[in-house]
Structure formats: C-alpha cells, structure tokens
There are 2 protein chains.
Amino acid sequence: MSLRHTRAANYPDWYQEIITVADMAENAASPGCMVIKPWGYGIWESIRNTLDNMFAATGHENYYFPMFIPLHFFQKEADHVEGFAKEMALVTHSKLRQNDEGKLIPDGELEEPLVVRPTSETIIADAFSKWIVSYRDLPVLLNQWANVVRWEMRPRLFLRTREFLWQEGHTAHATAEEAEAETMQMLEVYRSLAEDYMAMPVLVGRKPEHEKFPGAVNTFSIEAMMQDGKALQAGTSHFLGQNFAKSANVTFCNSDGQQEYAYTTSWGVSTRLIGGLIMTHADDEGMNTPPRIAPWQVVIVPMVKNSEEKAEIMNYIGKITSALSAKTAFGEKIRVKVDARNKESVDMYWSWARKGVPLIIEVGKRDVDSGKIMMKIRNRINTKEAKQILPFDEAIAAVPALLEQVQKDMFEKAKKRLYDNIRTDIKTLDDLRKLFEAKNSFIAEGETSKPAFVLAKWSGDETATVPVLKEMGLTMRNYPVNMQDGKEGTCIFTGKPAVDNIIISRAY
Amino acid sequence: MSLRHTRAANYPDWYQEIITVADMAENAASPGCMVIKPWGYGIWESIRNTLDNMFAATGHENYYFPMFIPLHFFQKEADHVEGFAKEMALVTHSKLRQNDEGKLIPDGELEEPLVVRPTSETIIADAFSKWIVSYRDLPVLLNQWANVVRWEMRPRLFLRTREFLWQEGHTAHATAEEAEAETMQMLEVYRSLAEDYMAMPVLVGRKPEHEKFPGAVNTFSIEAMMQDGKALQAGTSHFLGQNFAKSANVTFCNSDGQQEYAYTTSWGVSTRLIGGLIMTHADDEGMNTPPRIAPWQVVIVPMVKNSEEKAEIMNYIGKITSALSAKTAFGEKIRVKVDARNKESVDMYWSWARKGVPLIIEVGKRDVDSGKIMMKIRNRINTKEAKQILPFDEAIAAVPALLEQVQKDMFEKAKKRLYDNIRTDIKTLDDLRKLFEAKNSFIAEGETSKPAFVLAKWSGDETATVPVLKEMGLTMRNYPVNMQDGKEGTCIFTGKPAVDNIIISRAY
C-alpha cells in the first residue's frame, strides 16, 4: 500500500499527501484557512497540555484577550505595524443587509476598524498599563491560547495558513535582567517541548537583527531541520525591552519611588509545529507520531473473520485495554484506543499506521487461542523488528519501555540527520553559491552533502549581507548557542574578521 | 470587609462587583469584548475538561474549523441569515496602509467579505457535504472549541459579549430518529455539566417555536434561575432536521442505494455559563465556586508574623500540600495551591475568599506547634460551621468528604430556590401582569412570592402570544420535561384549551 508520492521523488506533494492519508487537516472553504481534523487537533491538544504544565510550573497563568484590536493601537508602535501591516485582516462592518437584488452586503460600518489580532503585544501592553502600578505588581506572567490571523499569500497546511492556532506568552518585569532571564527560560521550555516531547531536535539561538520580531530588542528561536534540509522556525521568544511599554505607557513605581517603564517579553509556538513534526518524522508510509505526544499511543484493531468469533475477540481486547490502561509511560497513563468500527481489519490497520500510531495491536482468533499479543511498531515498519509477538503478560509489561525506546529512536535519528547536515566547511560566498545551486531535496539516512544548513562566521554586516541572501533565496536562522567557538575567523559574506557562527539555509 | 453592593440593594452592580473582586474578567480595550482573567479562565478550563471527557465518552472528536466564513454561505439558509444578519462582524480588507496624513487605513479590499463566525453550521455543513458519501460514513460526531462573534449592542461581562468562547457540537446522521436521539443525549450532557459539576439546577425542555435557533426544526435548552428570579439559558441542543443539509447539499447513499439528505444536529455552551455560575452561587461576600469545577479546591495561605517562623510554617505547608495532593475528591486528584506571595495574610485570605475557593487553610506558627489544621469553608462563611480546626491526619482525611458535601449543599440550596420560585398558581393574564408589575430583585432564602418563573398552560398560539409577551418584557423559556402533567387546562394567554406547561419569566 504505497503512497502516491515519496519524499525523494516529490517532497512537497509527499508532505501534502501525508496530511491527507493521516487525515490531519484539509483546506477549508475559506481561502487560505484549514480544517484541523482529530489526529492533527489531538496532537495540538497534546502540545497544549504539555506546555500548560510547563507554563504553570514556571509561574504563568492563562488569560484570554479579545481577538479584535482597535486600529489606533497599531499607530503607536511603528516597527510593529511595519512588520504586520501587509497581512492584517480588518473588520469594518457589524451587520449584513440585502441589497435590491437580494444579495447580502456589509452594513453598519464601524467608526474605527478592528484588526483581527496577528499577535497581541499591543492590546496586552495596554492591559498591563492599567494593571501595573508598583514594582510589587511585577512580574506579570501570562499566557493565552488563541487563534491569530496573518494574511498569507501562499498558504500551506500547518506551515502557513491565514488563521492558525497558537499560544502567546506575555510578561512584564521590573528589570531588563529579569525579562531577559524570562526570555531564555521560555526558550528552554520550547526546546524541551520540541526535543523531549516531539522528538524534534532543534538549534537554540539568537536571531540576527533583520530576522527579529517587529518591535523586539532581541528575538531567540528554536530551528529544526526538515527532511529536505530546509529550516523551520519552530518557536520564538522575544525580549521586547521597553519598546512596547513605551508605546502603551506601561510604567511602575520602583522601590526607590521613581516611575520606570516595565520590561516585557513575548513568546509563542503555533500549529506550524505540526508541520515541523510531519517533516521531521513522517516517511514514505505515512505519518510517524512520537509516542509522547501521540493522541493514542496504542490502537487495538480487531481482526474478525466471522461473527461467531467476534465476542471472544472483543472480550480479549477488553482484557488488553484494561491491562494497558493501568500502565504508565513517560509518567502518564498509556493512551489506548480500540477501533471498533465495522470495517475491514486491513483498512483499519492502515488508517492508524498512516497516522503514525506508535503501536498497533491486531487481535484475531489465533491470538485469543494462544494467549499472545501481536504488536506492530510503526517506527520500525519495513524492518525485521516491525512486529513483536509475546505472551499476554510479557507484552503488557513490555509496552512502556517499548514506547520510550521508540521515542528515543525517533529523536536520535532526527538528531543525526540534523548534525550530519550542518556544513562547517563552507567558508566563502562561492562555496555557498555552489552548495545551493542544487535545490533542496530529501536527505536519506546517511547522506551528508545535500544543501541543508551551513554554519559560518558572519560579521553581522546586514547592509552587505541581506541583499545577497535574498538574491540567493537563503536565510539566516540563528546563532546556535551550542555551536560557538569564540574564535576569530573570516566572514563568509564580507571577508572581514568575524567571531560569531550563524546558520544559513533555505527555510519554510 | 463588605462589598460595596449587596444582592438586595443593587443586583446588577453586585454582579459587576463580584466579577471585579473575584478578578474573573474585565472590560477590554476593544468595545464590547472582555479580558478573561485566570480565575474566570480556570473555571472555563474546568468546564472544557469536563465536557471533553463527556464528549469523548459519547463518541465525539474535536476538530477546528476556520473562523472566517465566506459571505455567500449565508445566502443559502434564509432563516439562519435572518437570525444573525444584524450581529455579524465582517472582514473586508486584508492590509493596512498609511494615508497622506500618516494615519493607518484599511487597504487590500477582499473580493468577497468574510463573516467572523457567529456559529459554524454553514461552514461545517459544507465540509459534511464533501466528507459524507454513503451511510457507512455516518454518523459524523464532532465538536470544536472556538471563539465566536455576535455584535451585541448592550454587552455585559460573560452574559453578553461581542466575542465569547464556546464549544459547538455538530453531527450528521442517516435518520431523523438517530439525530433526535443525539440532540437529547447532548442535552443530558449539558444537564449533567450544569447540575452535577456546576451545582446549577436547570429545567430541561423544548423551546417554543419563536425561541428556536434560526434554521432549526427543534431547539432544546437547559434553563437556570438566577438569584433575582430571571432565567438564564445555559445551553442549547438543536435538531436541525434536513434544513442545513439541504442548503449545503449534504447527501448520502442509503443502504437501499438511494440518495438522501442527512439529518444534522448542533449544540453549544459558552462562557455565558460563568455568568450563570456567578448568579447562582455568589453571595454578598464574593464569588462562591463549586468544588468540582473550582480551578483550586484548596488554597493554603501562610500567616507569617516574623521571618524566623517562616521556614517552619512553609515546611508544615509542604506537608499539608503533599498529603492533600495524594487525596482524591470526585474521583480526581485534589487541586491544591499554596499562595506564596509576599503579602499580608489577611489580604491573601480575602483574595481567595472573594474568588470563592471552597477551602482555605491558614497556617500560622500556632498550627505548626499544635499539629493542627485550620480550614475555612467558603460556602459556610458567616455561619457557626465556617471554620474547622482538626488534628493533621483527621483534617487531611476530612477534606474529600467536605468538598463533596459543599458541592451537594450548593446544589441543594440552588435547587430549593428554583423549585420554591416556580409559581403554578398564576392562571390568567391578569395574574401574570400583576406578578410582573414588580421588577425582578434578589430572592433571599425562603422567599417564594417574588417575580421569578411561572409554569402555565399554553396553547402554542404564537400569533396571539408573542406580542403580549414582548409588551410585558417577558419570555417563554421551555416546556420543562419533568413538569408536564398531560392534563387539559386553560391557556394563560388565549383562554383556549391547552395541555402543555411552559415556563414564563424575565430573562438574561
């Protein structure tokens, strides 16, 4: 049962096909928007639950702010509006009426248009300005789960849709140091989400000036490498300094009795992460979902040949389910589902295999009679270890460690691909041009010479660099913190002395 | 520490004050919208978790559909657009630009305006029309958690805001019977949420014709009585028949090989429920949150008089917290929070009492020395049972039953108020006029004669009734299923024979 597209033959169509066969999302009737379906939404709920725990553990509370932002709020922050002006949805009317031809048309024009939030710094800073009076009110540590809108002209499921779901954290602090520490703490939360839960290795670092969030002093990101060597920015954390505090007049009385502007941060991840998850783990058989965030970790499929054996098989499945539900993996109850649909077993098996359910247990009469359990391990598909048949008790006991091993294997494999494909031998603009003459394409296991990431010395001279990057279709991702050597070398763009290492690549 | 307003003296201002002192929400910078704050949002998260479990147990899965609906979708369903046309937010532009005076103005007019969803029947029926081919694809059982917009002209926190949060379930079935059974099943889910979790008693029943959802065949609701005797519609479940299926062409091939239109349902509850929760349980001391949906069921407040005793007190609190966290109430782990803010103990106590935290434990040096625990029971405030001082082990052991008792007491009290204030002795229009000459006002415990609910025979003659109701400022709530006697009587509006009993009241 092959897919129509492979990663090697047609990577973009393969991505689209994975989303279809795993039934994760589809294009909606509204242009550029998506319908997120249960497997995609379930992954998003796992991400939400994971982050909510981490946000609470670091002292943050959930709020909800309105999605409509009065237009004049954007007038205040010049950089910010510059960054978003071309992709804002505007509500201008509050009614419908029928015209003479019976056609519905907008009516009730608003005095002031409302912006559908592309992000909420402006309206949250405005709330901060009312809430914060004294240093005793600080820090304010909040998060919200919300939908946001950016008017993308080339939408793609999960990666770039006009409406998407995200969380946005917003905090206010008395000192720059504290706000900077918060920025880094949340970056670490995102690294942990990506690596420890999504099994998606990332490079953690500061963005160059020209890639900063509009209005930020500094932006930090986690960057993942997709299977075609392109980068995907998977999360960002911004130190906003006093910029938004100044626009919205967020001041506080410090412990010396003086008025000061607060220091703010913001940080977010979105449903884009799911696109990253797909392009990190899916293969030519479908999606492959890391156990720790899989909505179902184990799915049990009955293989019923005739109605006589059905009761016996379902009874045996009941025993497996209760035995498994009492077990934990990753410190949480194992998430087990029985697929009781009245369909061909082989269709049921494949529908779950395409979704990348970590373990699929098929139960037929033979298993009931032998008292055994047959487990198919999605991440080992097409290998000799794809299947395990064990006696009941042994199988149940094996599941937690098996799920944890699969999680680990998935992370290690992706990590090897990432680090194998960060080129450090590209020293000149010519070498760079040569490497990126080829289009990005699927990087098979063991391949190391295709266009992917380049780690190079860069002087930070934006004027000299940005136009060249643009012309080459390349981007600078971040200065990865764990790949700095502090040594002076030669800037790949200007030939001038340079110390910092930056990642250069094509990107989603 | 009294509030400024009491229920008796100024009910509307009291409601507003409760939201402020419990810090649940506030008016946002966007007109008619609200900022939901952690205690309010935490209650919403409890409601979400409760319903998600119940939705999953009844076979529903979560999806996410776009919030923008192409305008022409509304052209198709005449009743539906009629019902919503006057309260729709419309997106007409996708960019901003600066005009000559440097002012930001909308730019990039869209070819077709987009409606910000007031509800999603139209766009979901459109998806159904693509997904459903054969009877084998049915039923489709889905839910989404989303923000929706209705352009309210008299907004009020939680009760009526332009943007609010809700869940909307949408299902499609092969037969009318199955869809009707689904409608009733979800109504029962809502009854259970309201009564078993929110301790808010409700009347379950069908809405009269003129109160139906625009486009529905039948609408059913749960109706709660607020402390001023007004009704609050707390949830609705709609049998849509084939209406939306016909507009969106949702057909399927039945088992006889014939094309049929599907039967659909929809059902929803919103953040309005939180308004209902407040007006069911809050009192003149602040909010009073039922334990089963309280974000924190127990809050521990250190009472530190000097820095020497602090470590000892915090250590003792640590012991209480771990002992309590190991306990369950209502089948779930007890939710405990320690308030470690560096504030006056009395301020901390009141900030939680105002939120209606069911149990507040104050820990001072004296408790550490005596090995006792002092618990303040919010629902018993101002009574002799408001406080319990018990030895450590006894106190810990008592908490689950205490929380369950408080939950029960809150429900019973509200239930008594409801049933004590359903008048069955109002038989004529004159009596009705006389009863409602008085404005609604706070109904104290034991009061039974204030304007509240009237249960009366009604012939169903809408033409004769609706104008009279309007003029009197009254509404018909529903035909409560558990208050029908099947006996013929006299219609309160027309004097004609009538069998069905309907609830008449003022309403939010």
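D23(B) is partly exposed, with 15 other C-beta atoms within 10 Å. In this predicted model, D23(B) is found in the loop of chain B that runs between α1 (11-21) and β1 (25-27), and its phi is positive, at about 55°, although the residue is not a glycine. A second residue of chain B, A199(B), likewise is not a glycine and has a positive phi of about 55°. A199(B) belongs to the loop between α6 (176-197) and β9 (203-206) of chain B, and it counts as buried, with 27 C-beta neighbours inside 10 Å.

In chain A, a cis peptide bond with omega of about -5° joins L138(A) and P139(A), and P139(A) is located in the loop between α5 (121-131) and β7 (140-149) of that chain. In chain B, L138(B) and P139(B) are joined by a cis peptide bond, with omega of about -5°, and P139(B) lies in the loop that separates α5 (121-131) from β7 (140-149).

For chain A as a whole, the secondary structure comes to 14 helices and 28 strands. The radius of gyration of chain A is 26 Å, close to the 23 Å that the globule rule gives for 508 residues, so the chain is as compact as a globular protein of that length. Along the principal axes, the C-alpha atoms of chain A fill a box of roughly 80 × 60 × 60 Å, and buried residues account for 50% of the 508 residues. Of the contacts in chain A between residues at least 6 apart in sequence, 69% join residues that are at least 24 apart.

Within chain A, strand β8 (residues 163-173) is mostly covered, 10 of its 11 residues being buried. β8(A) runs antiparallel to β7(A), to which it is joined by 10 bridges, and in this pairing N143(A) stands opposite G169(A) of β8(A). β8(A) also pairs in the antiparallel sense with strand β14 (residues 263-270) of chain A, over 8 bridges; here the bridge partner of W166(A) is S270(A) in β14(A).

In chain B, 4 strands in the order β22-β23-β28-β24 form an open sheet with mixed pairing. β24(B) pairs with strand β28 (residues 501-505) of chain B in the antiparallel sense over 2 bridges, and T475(B) has S505(B), in β28(B), as its bridge partner.

Helix α2 of chain B (residues 38-57) has 20 residues and reaches 28 Å from its first C-alpha to its last, close to the 28 Å expected at 1.5 Å a residue. The buried residues of α2(B) are W39(B), G40(B), Y41(B), G42(B), I43(B), W44(B), I47(B) and L51(B). Just after α2(B), G59(B) adopts a positive phi of about 85°.

The contact between the chains takes 47 residues from chain B and 47 residues from chain A. Strand β5 (residues 90-98) of chain B gives the most to the side of chain B that touches chain A, contributing 8 residues, and the residues of that side divide into 33 nonpolar, 7 polar and 7 charged. Strand β5 (residues 90-98) of chain A pairs with β5(B) in the antiparallel sense over 3 bridges, with H93(A) standing opposite L90(B) in β5(B).

Chain B is superposed on chain A by a rotation of 180° with 0.0 Å of shift along its axis, at an RMSD of 0.0 Å. That is the relation of a two-fold axis. The same surface serves both copies, since 100% of the contact residues of chain B recur in chain A. Of the residues of chain B, V91(B) comes closest to the rotation axis, with its C-alpha at 2.1 Å.

Key: Residues are numbered from 1 along each chain as its sequence is written. Chains are lettered from A and ligands numbered from 1 in the order in which they are written. This is a predicted model: local features need pLDDT of at least 70, side-chain atom pairs count only at pLDDT 80 or more; totals for chains, interfaces and linings use all residues. The expected span of a helix is 1.5 Å times one less than its number of residues. A residue is buried if 20 or more other C-beta atoms lie within 10 Å of its own, exposed if 12 or fewer, and partly exposed in between; C-beta atoms are placed from the backbone. Two residues are in contact if their C-beta atoms, placed from the backbone, lie within 7 Å. Ala, Val, Leu, Ile, Met, Phe, Trp, Tyr, Cys and Pro count as nonpolar, Asp, Glu, Lys and Arg as charged, and the others, Gly among them, as polar. Two strands pair if DSSP finds at least two bridges between them. Copies are superposed by least squares on the C-alpha atoms of residues with pLDDT of at least 70 in both. The radius of gyration is taken over C-alpha atoms; the globule rule is 2.2 Å times the number of residues to the power 0.38.
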